[in-house]
Amino acid sequence: MLLKKLSIFLLGIVLLKPLIAQDITASMNKVKVTFMLTDNGIPEYSVTYGDKVVIEPSTLGFKLTDDKPLDANFELIGKDVASHDNTWKPVWGETSKIRDHYNEVKIHLRQKNTGRLLDIVFRVFEDGVGFRYEFPKQSKLKYFIISDELTQFCMTGDHKSFWIPGDYDSNEYPYTTSKLSEVDNKSAYEKNKVILVRTVVDYKSVQTPLMMKTNDGLYINIHEAALVNYPAMQLHVDNKTFQLTAELVPDAYGNKAYLHAPSHTPWRTIIVSDKATDILASKMILNLNDSLKITNTSWIKPMKFVGVWWEMQTGKSTWTYSNNADSTDANGQLIPSGTHGANTANVKKYIDFAAANGIGGVLVEGWNTGWEDAFGTWKENDFDFVTPYPDFDVKALQQYAAQKGVHMIMHNETCGSATNYERQMDTAFRFMNKYGYTAVKTGYVGKIIPRGEHHDGQWMVNHYLRSIQKAAQYHVMIDIHEPMRPTGLQRTYPNFLACEAGRGNEYHAFDIGNALDHLTILPFTRLMGGPMDYTPGIFKIKNYETDSSRQVNSTLAKQLALYITVYSPLQMAADLPENYEAHMDAFQFIKDVPVDWDDTKILAAEPGDYVAIARKGKGTDSWFIGAVTNEDARELTADLSFLDKDKKYVATLYADAANADWQKNPEAYTITQFIVNDKTQMKLKMANGGGEAVSIIPATEDQIKKLKWLKL
């Protein structure tokens, strides 16, 4: 590690005397940040990329509830400069090692009228800037409440933007593509009534990550990193000036954050490049998170899984055991409806399918009592997380799965009652340990309890982290649904495998589904902060429920490609076993594709249009490619120069058929095999709304003799 520090604390600084105000800069390659104080002592910063301005001078600061804002009258009392360059190895991820290289400057400020101290830390990477506020230990500021964060991101023009509404309780909106001048989320908020818990108070607000493209070819992504003990940040958009201002999710009292110095905010991140592929390749958000806090990680095992889930989403079965909570017999016992999906016999079918196909886990939702009146009632004591319905034999299923080498995945839905879950976490995790559950999917479908709190507020941010830490204590991996969008905490807590926090495949079951460009935008937005449990792999594209007009807006080949383009170390094969059994040749890709990787190459990308990614399986010489397109049919060329030289491979192409069409003929696909090497140029042909998946596995001598070489 290279770590050098230059501390500019001369005698006058030690005595806390002000320095002469001047611009302070930090840079790396093309990226440069400049800090300055205005004549009124207002902190500002700007960012450039080469000779192009990315962020114009933008103000920094806070409003506090004590009517003494930290926004002006500052003087510079010192700065620290540091450089850092090392390489670290994630427990799992898109690459086996990550370089963490930045130049840092820490600005020390004192507010002249109050004597309060505030530090602002800037880290400049090759692909962007991260900055955060730090509140040193001091006599003038101890316990304090933030009423507003004043951070601005002043854009240089009316950029093309990819956004969802700034909602305090949901990140599950479809994306809108518009100019900054056209941002208005009222229509999106009002149309998406299927999102039952939603709270939008500012029609000009957008969620982060916010992806933008300038007229002169810059790609800019704004988000945050290491969100801990602080509310999620949204952005207010000024349609006329193109100024973006931080908006924090409030609590029940309208306050934003309760802090105690010494403390700090999350990092505000600005990733920038003149290549879209660089945005997807960035590891800046991960690098801004703390290093590993779990000593023993041997129990953390990425895996694929199937589950009793899609059949409930599509109405084939139910989460509930009885029709309603009042449907009881003379003894007060629930009367079974006959539609309960989480029954022992049905679960065994999924275990059998997983075991036969090398799938590591089986998720079962609706196994525990309480579902009949949990959702929509704002009821606090809804589940106890240990009591199964009468038709679900916990012990027998655990033994059956273990005999077949399959892990059971727990489901703990809270329906928003975080207080109830807090009280019972230890009980729930001890239950998982007792019955061999190595992973848990948690959920927060409903209004939050404590009542008045929001999914993305400070209290819930801390709750989600407590659940991650508690899971780690019991050696359980966790997948959280309905949280705030991720900010790279998987580096610190790698048992946090994935979360939802976005619009997944499930919206094809109970809504209009996802737009054809959705999966070309998602990597540039939701996925920037961490893996998503998107639930890919739906093979029965049409006629999967009683509403025959509903379909998955995709081709079958595109569903395969998602195992590469939508990264997660916990990947679900989400369809029903019988739908896979009808296409076992295509299912071979799901069987083969890893969920942990040694290397990743972004082959081609343009937000809203297409994404093509290649990944190398952990500890193997095999590569896998996924490519997806929007509503346009498309052909991309994949340069396979990343393959080992002097080695031959078998490429198996799972492609849209010539007559495939996402709407008219979505299940038409072809599977072909060829010999390739590092000099091969591979054409990826996608139908409208389609995609392509490719496995590239070292060839045997027999395969080299029998198969033809791939030619353009």
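The following paragraphs turn to the nonpolar cores and then to the salt bridges of this predicted model.

The largest nonpolar core comprises 196 residues. Within this core, Tyr-45, Phe-122, Phe-135, Phe-153, Met-155 and Leu-244 touch the most other members. Another core, of 21 residues, lies apart from the largest one, and Ala-638, Val-676, Met-682 and Val-694 are among its members.

We now turn to charge. Side chains of opposite charge can pair when their charged atoms come close. The structure holds 33 salt bridges. One of them joins Asp-274 to Lys-30, with the closest N and O atoms 3.7 Å apart. Asp-274 lies in the loop between strand E22 and helix H3, and Lys-30 in the loop between strand E2 and strand E3, so the pair ties together parts that are 244 residues apart in sequence. Asp-274 is partly exposed, at 30% relative accessible area, and Lys-30 is also partly exposed, at 43%.

A further salt bridge links Lys-404 and Asp-352, with 2.9 Å between the closest N and O atoms. Because Lys-404 lies in the loop between helix H7 and strand E25 while Asp-352 lies in helix H6, this pair ties together parts that are 52 residues apart in sequence.

Asp-621 and Lys-647 also meet through their side chains in a salt bridge, at 3.3 Å from N to O. Here the pair ties together two loops, one between strands E31 and E32 and one between strands E33 and E34. Finally, salt bridges that share partners join Glu-149, Glu-224, Arg-268 and Arg-485 into one network.

Key
Residues numbered from 1 in each chain as written. Predicted model: local features only at pLDDT ≥ 70, side-chain atom pairs only at ≥ 80, totals over all residues. Heavy atoms only, no water. Core = buried A, V, L, I, M, F, W, Y, C linked by side-chain atoms within 4.5 Å. Buried < 20%, exposed > 50% of the residue type's maximum accessible area, 1.4 Å probe, protein only. Salt bridge = Lys/Arg side-chain N within 4 Å of Asp/Glu carboxyl O. Helix = DSSP H or I, 4+ residues; strand = E, 2+ residues; numbered from the N terminus.
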